[in-house]
Amino acid sequence: MAMQSSSLPPLDVQRAPEGGEVGAVQSGWRLALREFMSNRLAVIGFAILIFFVLFCFVGPLIYHTNQLATNLSEANQPPSAQHLLGTDSAGFDELGRIMKGGQASLEIGFFAAFVAIVIGTLFGAVSGLIGGFVDSTMMRVVDIFLSIPFLFVVLILAVKFGATVASLSLVIGFFAWQVPARLVRGEVLSLRERDFVLAARTAGASTWRLISKHLIPNALGVVIVNVTFQVADAILAVSYVGFLGFGLHFPNVDWGDQLSDGTTYLQDGYWWLIYPVGACIVLTVMALNFIGDALRDSMDVRLRRR
Amino acid sequence: MISYLARRLVTSIIVIIGVSIFIFLLLHAIYPSPARQVLGLSARPAQIDAWNKQNGYDDPVIVQYFRYMNQLLHGNLGYSYANNQSVLALFQERVARSVYLSGISLLIAVIIALPLGIFQAVKRNSIGDNLATSAAFILYSMPSFFLGLILIQVFAISLPIFNFEASQSTNIWYVIGDWYSMTLPIMTLALITVAAFSRYMRSSSMDVLAQDYIKVARAKGLPERLVLSRHLFRNASLPMVTLIGLSLPVLLAGNLITEELFNYQGLGLLFFTSLQKVDYPVMLAYTLAGAVLVVVGNLVADIALTIADPRIRLA
């Protein structure tokens, strides 16, 4: 099969004894990886994401700040040699606060996406495989969840249960699994007519084995693309919840909560409380969107190779 | 087509019933009764029980659900104890302002996004296209309140052109004419919406430009502007119909974040304060209304697309 789908030359070109060239067969995943790496924006996005993960989790080990004891005499100081981004309204070093907030925001983003993907994939796979009336009912359930305005219900639940990383992740993930469920169901519906599924069934594979060993691994392309966008959406959702005041509270903090705090001082001109945090959110979400778009393109290449 | 629409209608009604049950049960589980908020924190359990019995909050959930649905269908959305008004009255006070803010932002967004998307597709990969795509990407990745903060900083504080707060007037006509206070909230919403819409518009325009009938029109010698206006515009706008339908819930339910940031007394801000005061009747009515609007919005989008796109209608 000619490599006309990818604009890149084949990885291994061997010379046949009779002369001429033979392109070695590549696994779909390696092709996808190459396509991904050739997308400049994706590589930049990936680098930005790694930077932020390191910045938030390894940063505090290098840049020591006191995040537990308030120091009101030093509140709202502009950036200086001592405090690289100034201090916030409780006297905490702002840069250290951004790192700590980033830990919470990133954790919630990844956990919520994880919850959404796990529930959604299982739900969609079961629904697609069983089919018939069960499938219709399960999809109506998905429709019902999709009709609930996301922000409203997340806020209501956050008011009641919120204020920890775990509860916010669960709440956000619980209202985000519907989209991956639909996507996986679509994939499974087309996959289950394939020969390898028929072969597995004939060999006596149980439903669970079919789902876990055959269907989900082959639907993974769609899942990977979606999980990236789920993380981006979850980070945005946390920032909205935090901004409205229902996120993590003192002494814990997340980026949305910091912005909410900073907004009070907008007119006083304390820019260091607002723009650095906002920029962190925007860059992280942008990086994830770049990666997601590139993954979507490279999954296309992988499918075409099939 | 009629049978398709009939089926969609039946499905929508089933979904609305399902959603109403789910939301009612959810809110009931979290806030079984507003007795605590009404009687105060020092209320004794006996008082709470008496109040619950008197107001019907100790009946089985199913009975409460049907009673609430019955009330709803008769126009009674419940009573807000925190605001000492009926929920319907609260909504009626604010619905005009919310509809205005969301509506005008949607209109401006469509007016900007439609030509912008077409321009991006026609002048593909030019500097203009790349600039617009980058700007859309950044706006798309931004929480809407951050854009609002930046706009306030630039246009209300550093350059005192506009007001940092939205109009506080209760007279809708005054609000409409108040460009000093309303420009920033409207621009915030409009820009965020343009970012999302122009992406769709651009990809849909690119799809249409690749079609054969465009090639034929050009081959026949049709001037480019007519190719764009007569063929490209109509066909590329079809996804916009769906997008506008999907924006219906936000249109009527108010935009929570923007109203909170600019202190605009709309339905969104009402919901936000009801969260803070734990005003259960308002939360319930508002979430239900939002859910029904989402379903109706989807249905309207489907119907509009069926009417607008002859390929679906005649299939």
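In this predicted model, the loop between helix H4 (61-73) and strand S1 (79-80) of chain B contains Gly75(B). Gly75(B) is exposed because 8 other C-beta atoms lie within 10 Å, and a residue counts as exposed at 12 or fewer. The separation between Gly75(B) and Ile127(B) is 52 residues in sequence and 55 Å in space, taken from C-alpha to C-alpha.

Chain A contains 12 helices and two strands. Along the sequence its pattern reads β-β-α-α-α-α-α-α-α-α-α-α-α-α. Buried residues make up 44% of the 306 residues of chain A. Of the contacts in chain A between residues at least 6 apart in sequence, 70% connect residues at least 24 apart.

The contact between the chains draws on 29 residues from chain A and 32 residues from chain B. On the side of chain A that touches chain B, at least two residues each come from helix H5 (132-147), helix H6 (150-161), helix H10 (207-243), helix H11 (255-263) and helix H12 (275-305) of chain A. H6(A) provides the largest share of that side, with seven residues. The composition of the side of chain A that touches chain B is tabulated by class below.

| Class, side of chain A that touches chain B | Count |
|---|---|
| Nonpolar | 20 residues |
| Polar | six residues |

How values were computed: Residues are numbered from 1 along each chain as its sequence is written. Chains are lettered from A and ligands numbered from 1 in the order in which they are written. This is a predicted model: local features need pLDDT of at least 70, side-chain atom pairs count only at pLDDT 80 or more; totals for chains, interfaces and linings use all residues. Two residues are in contact if their C-beta atoms, placed from the backbone, lie within 7 Å. Helices (H or I, at least four residues) and strands (E, at least two) are DSSP runs, numbered from the N terminus. Ala, Val, Leu, Ile, Met, Phe, Trp, Tyr, Cys and Pro count as nonpolar, Asp, Glu, Lys and Arg as charged, and the others, Gly among them, as polar. A residue is buried if 20 or more other C-beta atoms lie within 10 Å of its own, exposed if 12 or fewer, and partly exposed in between; C-beta atoms are placed from the backbone.
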